[in-house]
Amino acid sequence: MDQKINVLIVEPGKEPRPATVEDTLEAFQQIVGGPIEAGCYLPQRVMLICNGEGKSMGLMPNRKNPTDSRDFIAGTFLLCSFEGERFASLSDGQRKMFQDYFALPASEGGSGK
């Protein structure tokens, strides 16, 4: 039986949205549209998981890379927490922090918070 975890899904041109997903490689690959790349470690023990081939596949630019402002993340990505080698659910505080961090500016249709 697969475990479900609470994540934040960030799609190009849309506000980040919370979701509960299966904690499986296949589920993550379906969300990001291809092979996953996990390794962008963010504050509060949050990991950004994206399509490792998003740029070469020509996926739409989504958000600036939070660890390299000269780079961007292509395509849909998700955020989850981690405990050691395992993915884990985001806490309410983590979810709120990164919903605000990745919110769209008002000029892109977001709330502009």
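The model is predicted, so local features need pLDDT of at least 70, side-chain atom pairs count only at pLDDT 80 or more, and totals for chains, interfaces and linings use all residues. Residues are numbered from 1 along each chain as its sequence is written, and side-chain values use heavy atoms, with hydrogens and water left out.

**Stop 1: Phe102**

Select Phe102, in the segment after helix H2 (92-101). Helices (H or I, at least four residues) and strands (E, at least two) are DSSP runs, numbered from the N terminus. Phe102 has a relative accessibility of 2% and counts as buried. Buried means under 20% relative accessible area, exposed over 50%, and partly exposed in between, with a 1.4 Å probe and protein chains only.

Now show the surroundings of Phe102. Leaving out residues up to four places away in sequence, Phe102 touches Val10, Pro16, Leu42, Leu48, Arg63, Lys64, Pro66, Phe77 and Leu79; contact means heavy atoms within 4.5 Å. For one of these, Arg63, the C-alpha to C-alpha distance to Phe102 is 7.4 Å, across 39 residues of sequence.

**Stop 2: the aromatic rings**

The whole structure holds six aromatic pairs. Rings of Phe, Tyr and Trp (its six-membered ring) pair if their centres lie within 6.5 Å; planes under 30 degrees apart count as stacked, over 60 as edge-to-face and the rest as tilted. Select Phe77 together with Phe102: the two form an edge-to-face pair, with 5.2 Å between centres and 70° between planes. Phe77 lies in strand E7 and Phe102 in the segment after H2, so the pair ties together parts 25 residues apart in sequence. Both residues, Phe77 and Phe102, are buried.

**Stop 3: helix H2**

Colour Gln94, Phe98 and Gln99, which are buried in H2. These residues are on the same side of H2, because they cover an arc of only 125° around the axis; the arc is that of the directions from the helix axis to the C-beta atoms. What do the buried residues of H2 pack against? Their partners are strand E1 (4-10), E2, strand E3 (36-42), strand E4 (46-51) and strand E7 (77-83).

**Stop 4: the nonpolar cores**

A nonpolar core is a set of buried Ala, Val, Leu, Ile, Met, Phe, Trp, Tyr and Cys residues joined through side-chain atoms within 4.5 Å. The largest has 13 residues, and those touching the most other members are Leu42, Val46, Leu48, Phe77, Leu79, Phe98 and Phe102. At least two residues of this core come from each of E1, E3, E4 and E7. E4 gives the largest share, three residues.

Centre on Leu42: apart from neighbours within four places in sequence, Leu42 contacts Leu48, Pro66, Thr67, Leu79, Phe98 and Phe102. Then turn to a second, separate core of twelve residues, with Ala19, Phe28, Met47 and Cys80 among them.

**Stop 5: salt bridges**

Seven salt bridges are found in the whole structure, each a side-chain nitrogen of Lys or Arg within 4 Å of a carboxyl oxygen of Asp or Glu. Select Glu11, which meets Lys14 at 3.9 Å, N to O, and Arg17 at 3.3 Å between the closest N and O atoms. Lys14 is partly exposed at 45% relative accessible area, and Arg17 is partly exposed at 37%.

Next select Asp23 and Arg86, a salt bridge of 3.8 Å, N to O. This pair links distant parts of the chain: Asp23 is in the loop between strand E2 (17-22) and helix H1 (25-32), Arg86 is in strand E8 (residues 86-88), and they are 63 residues apart. Arg86 is partly exposed, with a relative accessible area of 48%.

**Stop 6: two loops**

Select Thr76, in the loop between strand E6 (68-74) and E7. Thr76 is buried, at 14% relative accessible area. Beyond four places in sequence, contacts of Thr76 include Ile9, Val10, Glu11, Ile31 and Cys50.

Finish at Gln44, in the loop between E3 and E4. Gln44 is not a glycine, yet its phi is positive, near 65°. Arg45, which lies in the loop between E3 and E4, has a positive phi of about 60° and is not a glycine either. Gln44 is partly exposed at 43% relative accessible area, and Arg45 is partly exposed at 45%.
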